[in-house]
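Thank you all for coming. Please have a look at the structure on the screen, and I will then take you through it.

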Amino acid sequence: MPVALPMSGRRVRLEKLTTDHVDGLIAASSENRESYSFTTVPFGPEGVSGYVRELLEGSAAGATVPFVQVRVADDAVLGVTRFLSPRRRSPDDPVPYAVEIGGTWLAAPAQGTGINTEAKLLLLTHAFEVWKVGRVDFKTDARNARSRAAIAGLGASFEAVLRSWQPSHAVGEEGQLRDSAMYAVVASDWPSVRAGLEKRLRAWF
């Protein structure tokens, strides 16, 4: 999927993931990990290297577009987010008509600082205004109240809980399936969602 770069705001810059980011991601993922109960976040040199390799393979196959979240103020690597699960009208179509935003994690000190809000605004703007998609999906473990509140806070609408939708990312639940809470922003929602995100960011900045 072609992506117009750079995607940069006042506080965060989204860079295409490369192996050059491994060291920064090792440091970011080594911060306080208490908030990662339902999220896949790699750990240690071997874990992060394998994680980056897997995402780059997915990118080469056209299944995902992974980004590193970088703090503008000091170029610190903070975490990862990505476009994934693109749906196209035909295999030859270069851009999707719908896409998911997910696979997101941030180092603990960056959480609650406006970084996530601004990153999501950048990604949604690209999806709706460059690719002209009709829909952007968000999903999370149905038990993850923190993530569900964050998604709803972006302005995405809750649609359903899909039972046993995908493998669980929770520690100790390897091989089990989880219920996923599904949210979406559609094209007709986008003007009001964008205005809401911009208002939230003005409060941060």
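What we have here is a predicted model, in which local features need pLDDT of at least 70 and side-chain atom pairs count only at pLDDT 80 or more, while totals for chains, interfaces and linings use all residues. Residues are numbered from 1 along each chain as its sequence is written, and side-chain values use heavy atoms, with hydrogens and water left out.

The protein has five helices and eight strands, where helices (H or I, at least four residues) and strands (E, at least two) are DSSP runs numbered from the N terminus. Read along the sequence, they follow the pattern β-β-α-α-β-β-β-α-β-α-β-β-α. The radius of gyration is 16 Å, close to the 17 Å that the globule rule gives for 205 residues, so the protein is as compact as a globular protein of that length; the radius is taken over C-alpha atoms, and the rule is 2.2 Å times the number of residues to the power 0.38.

Of the 205 residues, 43% are buried, where buried means under 20% relative accessible area, exposed over 50%, and partly exposed in between, with a 1.4 Å probe and protein chains only. Among contacts (heavy atoms within 4.5 Å) with a separation of 6 or more, 64% are between residues 24 or more positions apart.

Let us now turn to helix α1, residues 22-29, whose buried residues are Val22, Leu25, Ile26, Ala28 and Ser29. Seen down the axis of α1, these buried residues fall within an arc of 165°, so they line one face of the helix, the arc being that of the directions from the helix axis to the C-beta atoms. What do the buried residues of α1 pack against? They pack against α2 (44-60), β3 (64-71), β4 (77-87) and β5 (98-106).

In the loop between β3 and β4 we find Asp75, whose phi is near 60°, a positive value in a residue other than glycine. Ser85, in strand β4, also is not a glycine and has a positive phi of about 50°, and at 36% relative accessibility Ser85 counts as partly exposed.

Finally, Val161 is found in strand β7, residues 157-167, and is partly exposed, with a relative accessible area of 36%. Leaving aside residues up to four places away in sequence, Val161 touches Ala142, Arg148, Asp179, Ser180 and Ala181.
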